[in-house]
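Hi,

Here is the structure we talked about, for you to open alongside this email. My notes on it follow below.

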Amino acid sequence: MSLFAKHIDLAKVLDVSVLSNRATARYLFENKIEKSLSPKIRLDFKDVEFASRSFLDELNYHLKEKRFVSIEKINMNDQVLKMDHLVRRDKNTIKSNFRSENKERELLSI
């Protein structure tokens with residue numbers, strides 16, 4: 001781990017093993033990540049048994065906005081890792097489909 005990396009143990013900081021809603025993700029981002037001056041942040045999912053789709057969607061949304069900081073998610077169990085991949089994949093698919101629909105509409109309107 002880098003000397004300048006901030007390590008956030010989610011289960012300890014949030015005092016839960018289930019991350020289940022958007023408000024929890026916003027709290028984490030606003031109070032722990034956004035206020036950190038570290039150039040790198042490690043989100044440790046050790047002892048987190050479950051993370052809901054809404055929690056991960058909200059967290060990923062805010063993390064994408066914090067571009068100047070390197071964020072690393074570590075120690076995700078299989079269930080949390082699969083949900084995180086699903087949430088990120090669905091966002092990319094929706095954007096891709098939206099763009100292609102707009103191109104088709106533009107072509108049809110000419």
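**Asp44 and its surroundings**

The side chain of Asp44 makes a polar contact with the side chain of His7, at 3.0 Å. A polar contact here is a pair of N or O atoms within 3.5 Å; within protein, one must be able to donate a hydrogen and the other to accept it, and residues adjacent in sequence count only if both atoms are side-chain atoms. Please keep in mind that this is a predicted model, where local features need pLDDT of at least 70 and side-chain atom pairs count only at pLDDT 80 or more, while totals for chains, interfaces and linings use all residues. Residues are numbered from 1 along each chain as its sequence is written, and side-chain values use heavy atoms, with hydrogens and water left out.

The Asp44 side chain also reaches the backbone nitrogen of Lys46, at 2.9 Å.

Leaving aside residues up to four places away in sequence, Asp44 touches His7, Ile8, Asp9, Leu10, Ile74 and Asn75 (contact means heavy atoms within 4.5 Å).

**The strand and its sheet**

Asp44 is found in strand S3, residues 40-44. Helices (H or I, at least four residues) and strands (E, at least two) are DSSP runs, numbered from the N terminus. Since 4 of the 5 residues of S3 are buried, this strand is largely enclosed by the rest of the structure.

S3 belongs to an open sheet of 3 strands in the order S1-S3-S5, with parallel pairing. The edge strands are S1 (5-9) and S5 (70-74), each pairing on one side only. Strands pair if DSSP finds at least two bridges between them; here 5 bridges join S1 to S3, and 5 join S3 to S5. Asp9 stands opposite Asp44, and Ile41 stands opposite Ile71 in S5.

**The whole protein**

The protein has 4 helices and 5 strands, running β-α-β-α-β-β-α-β-α from the N terminus on. Buried residues make up 35% of its 110 residues.

Best wishes

Note on methods:
Buried means under 20% relative accessible area, exposed over 50%, partly exposed in between (1.4 Å probe, protein chains only).
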